[in-house]
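I opened my notebook to record what I looked up in this structure, going from the chain as a whole to single residues.

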Amino acid sequence: MAFRRRPVVCVALALLVVSLRAAGQDVAAATTVDDDPRVVQALELARTWLDAQRAYEQVPGISASIVHDQKALWTGAFGVVDLESGRPATPGTIYSICSISKLFTSVAVMQQRDAGRLRLDDPVRQHLAWFTMKPGGRDGTEITVEGLLTHAAGLPREADIPYWSSPLFAFPTREKVVERLQNQTALYPSETYYQYSNLGLTLAGEAVAATSGLPYADYVRKNILEPLKLGSTTPEMPEAEQGKRLATGYSALARDGKRRKVPFFTAKGIAPAAGYASTAEDLARFASWQFRLLESGGTEVLKASTLREMQRVHWVDPDFKTMWGLGFNVENRDGKAFVGHDGSCPGYRTALLLQAGEKLATIVMANASGVDVGDWAERVFDMVAPALRAAAKEPGKAKPVDPQMRAYAGTYSAQPWGGEVAVLPWDDGLAMMGLPADDPMKDLVKLKKTGEHTFRRIRTDETLGEEVVFEMDADGHAERFKRHSNYRNRVK
């Protein structure tokens, strides 16, 4: 891929000029923590890394957001929404969010629970008379509403229709799902094993419709999407946005190194489990709502106590490796609980990751299959969270970024040995990051300025290693650097 040469500082500033409204209110002005130089540097590192991962994995476009409490620290995009037109991706680009849909369905179920219209231990057949599937095993443990939300009901993963099969991706109508259900049997006894089930969350959506008296899509619009002002989120793929705000979906990389355009689809009867579309901006609002509700302890669309209940572990598989809340995936990373969900539909991959204690969420959306955006969301979190913690612990203690460090910032070629090396301001010096990078923070190389255009690597024991010397052009910008007696030329 050819890169256009452009001033790095202009790119960074342009990407930061993004506004976000949370729940219809202006997001609070920048706080001391959010404006801390360490946070600013971490955000630039995250943007640089995300853009490189997209390019090296040949993803047409991504949109992303990094949310701290009620503020989007950054919401932006890279690449294009469509390879043919070349239209650039934006924070308002619409993507299929596929299984993130399950979070909205689960919120709707819990609203009905709080309204007294159903209980979590209710048998599903109590609300859906046509649900006649018998529990697996001999003990006859009922398939319950809670089992649907925790994927522990023993249900098959899918309705008995090949809607994930290419090239048509022919999702069934609600009526077809009900019809085929009569021939399906449970895989396991209820409350025995975790078995991820799109069928289960589809049934949860049907339970919402049955107990509320409204069609599922009408219910979630009225009771979740509109109150939270998620104006670009829909319970079905917006066909009218094709060629406009909706990103075109592309396949995983084929053996020939190319991605193919995936036909437009709608999830129809599977919509409660996989049908939604949204934007990075709207998912940022959705994350901020959760942080706000958990902090307030009141009621906004949902009771705070109910959201906490949803984000606690309700199911642990016998192997103690899989944990699930009510609709939310729950993971333990370094002793901290992370919740959220990933989405994978034909031509799209999306991820929403939240850590409630730190009020930090990362969102990544891609218009391509076969890319692990869930891992990307985790890596972005790992870049930004330490900076926020340091800023909160010692507010105002970080030194301002030395503007002279900008002269060295850029991307340098590492060919033919690797991809590139990104150089960015870091602390009171610089940092170097190889691109692409599976674990950017682990491999980050920090540099201390020791002379004119001269730096030395800071070793893990804080002593200084080899020199890195930059050579400058006539405009005062670095055009290459020398390390270990060899050169890397600037390409961006």
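I began with the accessible surface of the chain, which comes to about 21,400 Å², with 50% of it belonging to carbon and sulfur atoms; such areas come from the Shrake-Rupley method with a 1.4 Å probe, and for residues only the protein chains shown count as cover. I note that this is a predicted model, in which local features need pLDDT of at least 70 and side-chain atom pairs count only at pLDDT 80 or more, while totals for chains, interfaces and linings use all residues. Residues are numbered from 1 along each chain as its sequence is written, and side-chain values use heavy atoms, with hydrogens and water left out.

Next I looked up burial, and found that buried residues make up 55% of the 492 residues in the chain; buried means under 20% relative accessible area, exposed over 50%, and partly exposed in between (1.4 Å probe, protein chains only).

For overall size I compared the radius of gyration, taken over C-alpha atoms, with the globule rule of 2.2 Å times the number of residues to the power 0.38. A compact globule of 492 residues would have a value near 23 Å, and the chain, at 24 Å, agrees with this.

I then listed the secondary structure, which has 11 helices and 22 strands; these are DSSP runs numbered from the N terminus, helices being H or I of at least four residues and strands E of at least two.

Which cysteines are joined by a disulfide? I found Cys98 joined to Cys345, with S to S at 2.0 Å, and the count comes to 1 disulfide by the rule of a pair of cysteine sulfur atoms within 2.5 Å. Cys98 lies in the loop between strand S5 (95-96) and helix H3 (101-114) and Cys345 in strand S12 (residues 336-345), so the link ties together parts that are 247 residues apart in sequence. The link is right-handed, with 60° about the S-S bond. Cys98 is buried at a relative accessible area of 1%, and Cys345 is buried at 4%.

Turning to the backbone, I noted a cis peptide bond between Gln415 and Pro416, with omega about 0°, and Pro416 sits in the loop between strand S15 (410-413) and strand S16 (420-426). The bond from Leu435 to Pro436 is cis, with omega near -5°, and Pro436 lies in the loop between strand S17 (429-435) and strand S18 (445-451).

Last, I checked Asp334, a residue other than glycine with a positive phi near 55°; Asp334 is exposed, with a relative accessible area of 79%.
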